[in-house]
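Open your viewer and get ready to select a few side chains with me.

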Amino acid sequence: YLDYFGIEEAWTVIAFVRLGRGEEAKRQAELMLDPEALNKDEVHHQYRNGLAGITASTVAMLTRDALWLAKIAPTLIECARWTERVCEGTMHSANPSTRGLLPPHIYGGDLRDPATSLYSTVTCWRGLLETSQAFRSLGSAKLMEEGERIAVVADRLRAQIEKALSAVTDHSTTPPFVPLALDIPSLDGRNEGPHEELTATQFGNFWILFAPMFLELDFR
């Protein structure tokens with residue numbers, strides 16, 4: 001691909017810094033933080049918002065570059081506040097299981113159905129968590145204070161995600177099935193799955209894509 005998605009690239013940028021290519025990792029992380037990449041009119045913007053925070057904060061922590069963190073901090077704060085704002089906006093959703101999560105959005109580049117995405121929501125939670133940790137570890141007194149505030153937002157979002165997971169997990173299958181696409185209009189407001197054959201449906205194919213990355217986000 002010649003364009004930036006945001007879904008695959010985060011892990012490769014972190015790989016660069018772990019392999020000792022810190023300057024290249026910072027350069028690529030700044031591409032992820034570019035205003036065009038974070039444009040909220042873009043189909044991939046929800047998980048980009050979270051992954052940009054994860055990636056840049058992780059690169060800052062691994063390089064221990066406090067000056068670079070200070071440079072990118074305004075954009076990281078903007079990403080964190082966007083997450084906080086849009087999740088607050090769904091707290092009174094008609095569907096209790098999606099309250100406090102990211103709002104419905106086109107689910108994927110090849111799947112234009114709107115849905116509430118657990119994967120995207122968890123990326124934004126992890127973005128809050130990593131940003132908070134970077135600010136509190138490397139930041140100025142002002143950034144440390146901002147990091148404490150963001151940590152509270154991350155804890156609040158985590159609680160909502162835990163409620164959602166408890167509500168939507170389907171125990172009729174063995175093992176239980178955890179849908180990642182919720183409240184889908186084309187399914188009359190139902191969640192995806194369980195899928196008899198994951199590769200037989202578009203949502204199943206996206207579940208194959210998102211599920212391992214959900215695990216990589218280490219939501220525990």
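A charge sits over a ring if NZ of Lys or CZ of Arg is within 6 Å of the ring centre and within 35 degrees of the ring normal. Keep in mind that this is a predicted model.

With that in hand, select lysine 40 and tryptophan 82: the lysine lies over the face of the tryptophan, 4.4 Å from the ring centre. Next, pick arginine 158 together with phenylalanine 219. Here the charged end of arginine 158 sits over the phenylalanine ring, at 4.6 Å from its centre.

Now for rings facing rings. How many aromatic pairs does a search of the whole structure find? There are 9 aromatic pairs. Show tyrosine 107 and phenylalanine 203, whose ring centres are 5.6 Å apart; their planes meet at 45 degrees, so this pair is tilted. It links distant parts of the chain, with tyrosine 107 in strand E1 (residues 105–108) and phenylalanine 203 in helix H7 (residues 202–216), 96 residues apart. Are these two residues buried or exposed? Tyrosine 107 and phenylalanine 203 are both buried.

Zoom in on glycine 108 to find its bridge partner in E2, leucine 111. To finish, trace the hairpin that takes you from E1 to E2 through 2 residues.

Terms used
Residues numbered from 1 in each chain as written. Predicted model: local features only at pLDDT ≥ 70, side-chain atom pairs only at ≥ 80, totals over all residues. Heavy atoms only, no water. Phe/Tyr/Trp six-rings, centres within 6.5 Å; stacked < 30°, edge-to-face > 60°. Helix = DSSP H or I, 4+ residues; strand = E, 2+ residues; numbered from the N terminus. Buried < 20%, exposed > 50% of the residue type's maximum accessible area, 1.4 Å probe, protein only. Pairing = 2+ DSSP bridges.
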